[in-house]
Amino acid sequence: MKILGIETTCDETAAAVVTLGEDERGQILANEVLSQIAEHAAYGGVVPEIAARAHVEVLDRLIARALQRAGTPLAEIDAIAVAAGPGLIGGVLIGLVTAKTLSLVARKPLLAVNHLEAHALTPRLTDGLAFPYLLLLASGGHTQLVAVKGVGDYVRLGTTIDDAIGEAFDKVAKLLGLGYPGGPEVERQAQSGDPERFALPRPMLGRRQADFSLSGLKTALRIEAERLEPLASQDVADLCASFQAAVVDVVVDRVRVALRAFADVAGHPTALVAAGGVAANGAIRRALAAQAGEVGLSFVAPPLPLCGDNGAMIAWAGLERLRLGLVDDLTVPARARWPFAEAAPAA
């Protein structure tokens with residue numbers, strides 16, 4: 001079984017081929033990703049129109065390259081999976097129309113994948129992880145704690161009430177005059193900074209619900225930065241280190257609350273999982289690994305190339321759906337918003 005996966009929801013154009021081995025484990029045959037960082041850097045963020053045009057220019061060639069590197073012609077592909085949302089609607093439409101066309105011409109099943117669900121299922125591709133597990137899904141646009149019970153069966157235990165974690169990192173980077181994308185730049189600066197120099201707040205710490213709030217932390221950092229202007233290079237490093245340390249403390253506390261709530265909706269988790277772009281942050285990975293060890297769980301996070309948006313996760317999520325007979329027709333719509341997890345029942 002070989003699946004072609006297509007991803008165009010934001011600023012990465014990606015195509016991949018994934019197969020299911022004899023041991024029932026996933027295997028990535030090709031994973032082509034073309035980033036648009038250079039196109040958006042001058043604007044300090046993703047410009048939807050530029051992103052959509054960039055997808056149009058390269059998607060066909062990227063799919064052809066993925067098929068070639070996988071040694072698999074389109075005729076030998078078993079199904080075509082595509083991220084049908086959530087995301088920037090122009091980009092989503094380009095990927096979805098391309099997938100529909102290939103599905104129609106090659107007479108292959110179409111699998112419309114929720115981009116967030118693909119992140120959630122990635123540890124099953126990389127580690128063969130069994131259900132259920134607790135997932136921290138954190139990126140530039142999303143921050144959720146989710147009980148992953150099965151394919152299509154997700155319970156949201158907590159979410160952000162304002163900024164996503166990745167969004168907060170990006171805004172702090174912009175505030176401090178760092179490069180784009182902001183998250184890696186803040187992490188790099190933090191390595192040479194003092195995380196205890198600034199007493200930044202830890203929003204939502206100790207709250208019974210596993211929700212996040214990061215706008216107050218971002219505001220507190222801005223006030224400190226304005227107080228010190230003009231900023232020396234060590235000031236920037238210390239601000240980044242203090243901000244990152246605060247985020248780590250918040251994440252650990254919110255995960256602790258989610259672990260308690262997990263038992264009520266899904267029993268005992270097989271692992272603590274981090275996925276999404278923020279899962280590439282080394283400080284967060286180390287803190288979650290230590291936390292998982294303290295409660296007797298394994299910690300699973302995708303390899304760094306699979307933390308960001310990629311076609312392999314789309315192909316794998318499509319494969320998981322195909323095995324359950326969850327095939328879509330050509331009327332499936334593109335969606336800018338597409339929640340993938342139901343909120344947990346109120347306590």
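**Surface patch and annotated sites**

Author: Happy to. Ile89, Leu93 and Val97 make up a nonpolar patch on the surface, and together they have about 240 Å² of accessible area. This is a predicted model, where local features need pLDDT of at least 70 and side-chain atom pairs count only at pLDDT 80 or more, while totals for chains, interfaces and linings use all residues. Residues are numbered from 1 along each chain as its sequence is written, and side-chain values use heavy atoms, with hydrogens and water left out.

Reader: What are the rules for a patch and for the area?

Author: Patch residues have over 30% relative accessible area and no salt bridge; like charges are joined within 9 Å, and nonpolar side chains (Val, Leu, Ile, Met, Phe, Trp, Tyr) within 5 Å. A salt bridge is a side-chain nitrogen of Lys or Arg within 4 Å of a carboxyl oxygen of Asp or Glu. Areas come from the Shrake-Rupley method with a 1.4 Å probe, and for residues only the protein chains shown count as cover.

Reader: Where is Ile89?

Author: Ile89 is in helix H3, residues 89–106. Helices (H or I, at least four residues) and strands (E, at least two) are DSSP runs, numbered from the N terminus. Ile89 has a relative accessible area of 39%, so it is partly exposed; buried means under 20%, exposed over 50%, and partly exposed in between (1.4 Å probe, protein chains only).

Reader: Switching topic: where does UniProt place "binding site" along with Asp170?

Author: The unreviewed UniProt entry gives that feature at Leu137, Ala138, Ser139, Gly140, Gly141, Asp170, Gly183, Glu187 and Asn281. UniProt positions use the numbering used here, feature names are shortened, and annotations may be inferred rather than shown by experiment.

Reader: What does Asp170 touch?

Author: Leaving aside neighbours within four places in sequence, Asp170 contacts Pro181, Gly182 and Gly183, where contact means heavy atoms within 4.5 Å. The Asp170 side chain also reaches the backbone nitrogen of Gly182 at 3.1 Å. A polar contact is a pair of N or O atoms within 3.5 Å; within protein, one must be able to donate a hydrogen and the other to accept it, and residues adjacent in sequence count only if both atoms are side-chain atoms. Asp170 lies in helix H5 (residues 165–175).

Reader: And Asn281, buried or exposed?

Author: Buried, because its relative accessibility is 6%. Asn281 is in the loop between strand S9 (271–275) and helix H9 (282–294). A polar atom of its side chain lies 3.0 Å from the backbone nitrogen of Ala283. Not counting residues up to four places away in sequence, Asn281 touches Phe169, Glu187 and Gln244.

Reader: Which residues does UniProt list with His115 as "binding site"?

Author: His119 and Asp309 are listed with His115, again from the unreviewed entry. They are spread over 195 residues of sequence yet cluster in space, with a largest C-alpha distance of 8.6 Å.

Reader: Last one: what does the side chain of Glu320 pair with?

Author: The side chains of Glu320 and Arg323 are joined by a polar contact of 3.2 Å. Glu320 is in helix H10 (residues 311–323).
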